[in-house]
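Welcome! Open your viewer, get the model on screen, and follow along one selection at a time.

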Amino acid sequence: LGCMTSTTTIYFMGIDDNQAGMSDSEAIDFASQYCMYVPAFYSLGFIFSFSALFAKITRIAKIFGNKKLQRVTITVKDMMIPIVCLMVVDILLLILWGTSDKGNLQWVRTNDLEIKGYPIKSTGMCSAEDPWPFLAPIICLHFGVLIYGNVMCYKARNAGTAFSESKYVFIAMVSNLQIMALGLPVLWMVSNEPVTNYFIRSGIIFMNDVGVMLLIFIPKLSLVYFGSEEDLALATSTSAGKTATGSNSTSTGAGAHTQNNDDDTER
């Protein structure tokens, strides 16, 4: 859901004022109403996709980081609290951004070349007088949670792949961080070039979303169609939560192993 929502941003970025059957003012108004869809869909899509990865890796990091081997209970509420908080902050910033007169994105077309008062070449893009009071906090929030997610992945680096796909979640987190770290400076440099800017933004969103989906689903499909029955049974029972009711999980320096027990405990 998160990757689909985020990828939809590419469609909204491609809408302009070149609309048949509309006057210039009508076409500009038509394009302007979709400008704020771009940050809204991308931000919400990012939170949705990141929250799923974050919930997976946080669970395994808490379990395998339990060095004192105390009882660890992780509920759905524990996973939902940070996700809901991130979503509320993101939505609040987007609402404030959309209702701001100076920050609200509008479609603007400027003439780059005129001959005898007739425009020969023009450029159109979504812009605002001062969007940074809202855009900067969103960028910092997303960048911050990505860094925190990578830290959690590092803490869970010794967990086996069968436990919440820690290896592939780690790769997806690092990939997202690298794409954002490299993409933002490039977008800044080509901010005044609409075609180049659109191409780079589309590439960033596409690589981000497709990379996450491939890293999550390709190992699962490979395990189903090419894995052994023992590996499939282990991964299925783990993902279904059976290890929480029929095993003790213990972390060692070399990794993690499970031991069957009658107690309903998870360490």
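Buried means under 20% relative accessible area, exposed over 50%, and partly exposed in between (1.4 Å probe, protein chains only).

A word on the model: it is predicted, with local features needing pLDDT of at least 70 and side-chain atom pairs pLDDT 80 or more, while totals for chains, interfaces and linings use all residues. Residues are numbered from 1 along each chain as its sequence is written, and side-chain values use heavy atoms, leaving out hydrogens and water.

Next, select Cys-35 and Cys-126, joined by a disulfide with an S to S distance of 2.0 Å; a disulfide is a pair of cysteine sulfur atoms within 2.5 Å. Cys-35 sits in the loop between α3 and α4 (37-64), and Cys-126 in strand β2 (residues 118-127), 91 residues apart. Cys-35 is buried at 1% relative accessible area, whereas Cys-126 is partly exposed at 31%.

Finally, zoom out to see ten helices and four strands. These are DSSP runs numbered from the N terminus: helices are H or I of at least four residues, strands E of at least two.
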